Each structure stands twice: as C-alpha cells, then as structure tokens.
Amino acid sequence: MNKEIQTDKKYNLIPEFDRKVLEVLREPMESGHITISRAARQADFPARFQLIAAMNPCPCGMLGAQHGQCRCTPDQIRRYQGKISGPLLDRIDMQIEVGSMAHDEMLQAVQGESTASIAARVQQAHSIQRARQSKSNCQLPVQDIDRYCTPDAAGEALLRAAMQRLNWSARAYHRVLKVARTIADLGMASTVGKSHIAEAIQYRRALREY
Ligand SMILES: [Zn+2]
C-alpha cells in the first residue's frame with residue numbers, strides 16, 4: 001500500500017511483471033543458481049540474490065486501509081493477489097503489511113532506532129551464524145536446518161499447529177525455522193524458542209485471504 005512506489009515510474013510493483021517472468025525466479029530463489037538452456041546448449045550460472053518486492057493489497061491500494069475506502073470487487077482483489085503464485089509466495093520468507101499513515105501521524109512520528117545501531121546488531125547476528133555453521137542461516141541446506149534451527153518443545157508445538165492450520169508445505173516449514181533462528185540470533189538467544197517461532201510465523205501472513 002505504498003503510494004510513493006505506485007506513482008513513481010522508476011519502480012514496478014511485483015504484480016505488474018509478467019507471470020512467466022516471476023515464475024522463473026523460483027529456481028534461483030531456491031538453489032542460488034540458474035540454468036539457461038538455448039538450443040542444444042545448457043549453462044549454469046550463480047544467481048544468489050536477495051529479493052525485495054512491493055505490492056498493493058488490491059488494484060486501488062486501499063484494502064484494509066484505516067483512512068479511505070477500497071473500491072475493488074472481491075473478484076478484482078482475488079485476480080490481483082493471484083498474480084503472485086502460491087509457489088512463488090512460498091519462497092518469500094518475510095511478508096510484511098505496511099499500512100498507510102495519516103498526515104498528522106507522520107508529523108508526530110517518534111524517532112526510531114538509528115540505522116547504525118541496527119546495522120551493528122545485524123553484523124553481530126551474522127558473526128554468530130558464521131561462528132556456528134560457517135555460513136548464513138539463509139544458506140543452510142535442509143539437513144543443517146534440523147541440526148542448527150531445531151526449536152524447543154513449545155516452539156515446535158506452535159510451529160506444527162500453524163503448519164496444519166495454514167496448510168503449509170515442507171518448504172515453508174523449513175523457511176520459518178531459518179527466519180526464527182535469525183530472530184533468535186538477533187536477540188543473542190542460543191535456543192530457538194516459542195516467541196521466535198511466533199514472530200517468524202506472522203511474517204508469512206500478510207495477504208488477506210478471499
Ligand atoms: Zn481496492
């Protein structure tokens with residue numbers, strides 16, 4: 001729901017890309033490399049990247065907004081959100097809803113944490129990951145997720161319940177564990193607990209269901 005992005009022609013919102021183009025992202029997002037096939041030749045290239053994308057909740061951008069009214073029909077909303085396929089969404093670890101703000105709210109905004117102190121925290125969490133497993137959490141293969149990201153009993157129970165209720169794939173399960181491990185690292189916690197799992201779960205629930 002970011003009007004600045006919507007009106008600035010330098011950026012495209014993710015549903016504006018051709019669906020076929022978006023689907024091509026799935027392979028490198030999963031494996032960190034991409035295979036290009038042309039005629040009889042085939043080549044493999046490294047393609048490890050961080051995908052950051054934005055979209056509106058509906059074509060008019062006002063669905064769920066505190067100030068203003070959505071003019072879209074349920075069918076238009078379904079079609080717009082449906083431009084991002086389930087398998088692609090499944091590979092996006094953190095989906096965050098950013099609500100619009102009223103003008104006076106913006107003027108009264110309190111000073112948040114400085115970029116420098118957040119950067120220091122991220123650096124520290126990254127060092128913890130390198131020391132523990134010689135790579136970032138996002139690069140952990142499945143067998144290492146079981147080894148390094150296993151939550152405590154309460155966290156495991158919460159994750160299993162969410163998985164059943166939200167009908168998640170095994171991929172989503174492993175991706176939530178990696179995000180929860182990172183949240184624990186940012187808080188310098190050695191064990192992944194229920195609160196880390198709960199936070200990681202809510203990052204997967206931004207889009208409204210119709
Ligand atoms: Zn709308």
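Biologist: Which residues are the protein donors of the zinc ion?
Modeller: Cys58, Cys60, Cys70 and Cys72, each through SG, at 2.2 to 2.5 Å from the zinc ion. Bear in mind that this is a predicted model.

Biologist: What spacing do the donors follow along the chain?
Modeller: The spacing is C-x1-C-x9-C-x1-C. Cysteine 60 and cysteine 72 both lie in the loop between strand 2 (41-46) and helix 4 (74-81), so this pair ties together parts twelve residues apart in sequence.

Biologist: What makes the arrangement tetrahedral?
Modeller: The angles subtended by the four donor atoms around the zinc ion are 105 to 114°, and that makes the arrangement tetrahedral.

Biologist: Cysteine 60 and cysteine 72, buried or exposed?
Modeller: Cysteine 60 is buried, and cysteine 72 is too.

Biologist: Where is asparagine 167?
Modeller: Asparagine 167 is in the loop between helix 9 (153-166) and helix 10 (170-186). Its phi is positive, about 60°, although it is not a glycine. Asparagine 167 is exposed, at 70% relative accessible area.

Biologist: Changing topic, how many salt bridges are in the whole structure?
Modeller: The search finds 14. One of them pairs arginine 204 with aspartate 93, with the closest N and O atoms 3.5 Å apart. That pair links distant parts of the chain, 111 residues apart: arginine 204 is in the segment after helix 11 and aspartate 93 is in the loop between helix 5 (86-90) and helix 6 (103-107).

Biologist: Which residues are in the network of salt bridges?
Modeller: Glu30, Asp90, Arg91, Asp93, Arg171, Arg175 and Arg204. Arg204 counts as buried at 11% relative accessibility, while Asp93 is partly exposed at 25%.

Biologist: What does aspartate 185 meet in a salt bridge?
Modeller: Arginine 132, at 2.9 Å from N to O. Aspartate 185 lies in helix 10 and arginine 132 in helix 7 (residues 115-133), so the pair ties together parts 53 residues apart in sequence. Aspartate 185 is buried at 2% relative accessibility, and arginine 132 is partly exposed at 25%.

Key: Residues are numbered from 1 along each chain as its sequence is written. This is a predicted model: local features need pLDDT of at least 70, side-chain atom pairs count only at pLDDT 80 or more; totals for chains, interfaces and linings use all residues. Side-chain values use heavy atoms; hydrogens and water are left out. Donors are N, O and S atoms within 2.8 Å of the metal (3.2 Å for Na, K and Ca); water is not among the atoms, so sites may look incomplete. Four donors count as tetrahedral if all angles lie between 85 and 135 degrees; four count as square planar and six as octahedral if opposite donors are over 155 degrees apart and all others between 65 and 115; anything else is irregular. Helices (H or I, at least four residues) and strands (E, at least two) are DSSP runs, numbered from the N terminus. Buried means under 20% relative accessible area, exposed over 50%, partly exposed in between (1.4 Å probe, protein chains only). A salt bridge is a side-chain nitrogen of Lys or Arg within 4 Å of a carboxyl oxygen of Asp or Glu.
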